[in-house]
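Please read them with the structure open.

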Amino acid sequence: MAKILEGALVTASLNESMKKDVEELKSHGILPTLCIIRVGEEADDLAYERNAVRRCEKVGVATRLVALPRNIDQASFDRALMAANGDNSIHGILMFRPLPAQLDSEKARHMLFPAKDVDGCTDGSLAGVFAGHEVGFPPCTAAAVLEILHSFDIPVEGKKAAIIGRSLVVGKPAAMMLMKEDATVTVCHTKTRDIDKICREADIIISAAGSKYFVDENFVRPGQTVIDVGINYDDETNRICGDVDFEAAAEVVDAITPVPGGVGSVTTGILVRNVITAAKRSCGL
Ligand code: NAP
């Protein structure tokens, strides 16, 4: 039976180091602060917001909410975003997207200052990931994948990694981050042939396809680590599930993340850590 890579263990150690960092920042008179910009009241946004606020409070990071009406016009939205951008007491901005249809989501993404882009959605942040520079922040989910590997001392250097999915929020940045740490990476997508074979040859499998139980016993072999990023809904069990057939894979591989309780639970912790890092960068710490 595989070792279960519990997100809660990663989060606990993240919290400890974040609390120390916040204390240090406070001793320099800086209160790390996240500004959440929400337009309307989408259930998913509200759930993520509650979680983010709770996680910030736990380590002493302040939050400020800018809740805008669903029918807000572009000029008013732009003013709210630029006010957060220009406010030196705000270190990170989480802007829920997609925005309502009357707003230009791309324009908003371009307006957000990469230095405050703790969610890793701006071109500046993505350029930083691809060029290996510390501009902005990598998308939180891709960073959570790396955090889990590091936290459980799973070696990356010289290892073969297979990533299923090539989105800008998970697959592509995760590939760049693994490559930066000297892994050899194969990125798979819907046109890739023999994904099961590619995965069997890998030391680390990262699945971010959004396809339930896609990774089954044919994709795995002993010795592997499987990181399941997928969040899907199983209509038969009425439960959240990943991309991986957990029961089948856990019988074979060395280590595996559960869903729920794996990558998803670490992702918000990374967002909070990014706020703290942004605050440190703002004062040269
Ligand atoms: P996305 O933008 O829809 O991208 C999915 C990627 O997977 C695409 O590149 C797609 O290939 C590929 N793919 C889909 N089905 C495939 C299949 N059967 N075989 C091979 N490749 C396949 O999704 P995303 O935003 O990256 O999210 C992926 C999953 O991660 C979703 O379940 C999402 O809910 C979850 N997620 C979790 C977190 C977290 O914190 N845990 C955060 C974000 C997302 P093509 O490019 O060819 O279409």
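**Notes on the predicted model**

1. Start with Tyr 213. Its relative accessible area is 35%, so Tyr 213 is partly exposed. The residue sits in the loop between strand S7 (204–207) and strand S8 (225–228). Its phi is positive, near 60°, and Tyr 213 is not a glycine. Keep in mind that this is a predicted model.

2. Asp 182 is found in the loop between helix H7 (171–180) and strand S6 (184–188). As background, most residues other than glycine have a negative phi, and most peptide bonds are trans.

3. One joins Arg 97 and Pro 98, with omega at about 0°. Pro 98 belongs to the loop between S4 and H4. Another joins Val 259 and Pro 260, again with omega of about 0°. Pro 260 is in the loop between S11 and H10.

4. Now the ligand. The residues surrounding the ligand number 21. Arg 166, Ser 167, Thr 190, Ile 231 and Thr 267 are the closest of them. Sorted by class, this shell holds ten nonpolar residues, ten polar ones and one charged residue. Which helix gives the largest share of the shell? Helix H10 (residues 263–282) does, with three residues.

5. In the side chain of Ser 167, an N or O atom is 2.5 Å from a ligand oxygen. Ala 208 takes part through its backbone: an N or O atom there is 3.5 Å from an oxygen of the ligand. Val 229 likewise has a polar backbone atom 3.5 Å from a ligand oxygen. On its own, the ligand has 930 Å² of accessible area, and the protein covers 68% of this.

6. Return to H10 for its geometry. The helix has 20 residues. From first C-alpha to last, H10 reaches 28 Å, close to the 28 Å expected at 1.5 Å a residue. Just past the end of H10, Gly 284 has a positive phi of about 70°.

7. Is Thr 257 buried or exposed? Its relative accessibility is 1%, so Thr 257 counts as buried. The Thr 257 side chain makes a contact of 2.8 Å with the backbone nitrogen of Asp 228.

8. Next, the aromatic pairs. The whole structure contains two of them. In one, the ring centres of Tyr 48 and Phe 96 are 6.0 Å apart and the planes meet at 80°, so the pair is edge-to-face. This pair links distant parts of the chain, its members being 48 residues apart. Tyr 48 is in helix H2 (residues 43–59), whereas Phe 96 is in the loop between strand S4 (92–95) and helix H4 (105–111). Tyr 48 is partly exposed, at 25% relative accessible area. Phe 96 is at 7%, under the 20% limit, so Phe 96 counts as buried.

9. The other pair is Phe 214 with Phe 219. This one is edge-to-face too, with 5.3 Å between the centres and 65° between the planes. Phe 214 is partly exposed, with 30% relative accessible area. Phe 219 counts as buried, at 7% relative accessibility.

10. Last, a residue in a helix. Leu 146 is part of helix H6 (residues 140–151). With a relative accessibility of 4%, Leu 146 counts as buried. Along the chain, Leu 146 and Ile 204 are 58 residues apart. Their C-alpha atoms are separated by 11 Å.

Conventions: Residues are numbered from 1 along each chain as its sequence is written. Side-chain values use heavy atoms; hydrogens and water are left out. A residue is near a molecule or strand if one of its heavy atoms lies within 4 Å of it. A polar contact is a pair of N or O atoms within 3.5 Å; within protein, one must be able to donate a hydrogen and the other to accept it, and residues adjacent in sequence count only if both atoms are side-chain atoms. Accessible areas come from the Shrake-Rupley method with a 1.4 Å probe; for residues, only the protein chains shown count as cover. Helices (H or I, at least four residues) and strands (E, at least two) are DSSP runs, numbered from the N terminus. Ala, Val, Leu, Ile, Met, Phe, Trp, Tyr, Cys and Pro count as nonpolar, Asp, Glu, Lys and Arg as charged, and the others, Gly among them, as polar. The expected span of a helix is 1.5 Å times one less than its number of residues. Rings of Phe, Tyr and Trp (its six-membered ring) pair if their centres lie within 6.5 Å; planes under 30 degrees apart count as stacked, over 60 as edge-to-face and the rest as tilted. Buried means under 20% relative accessible area, exposed over 50%, partly exposed in between (1.4 Å probe, protein chains only).
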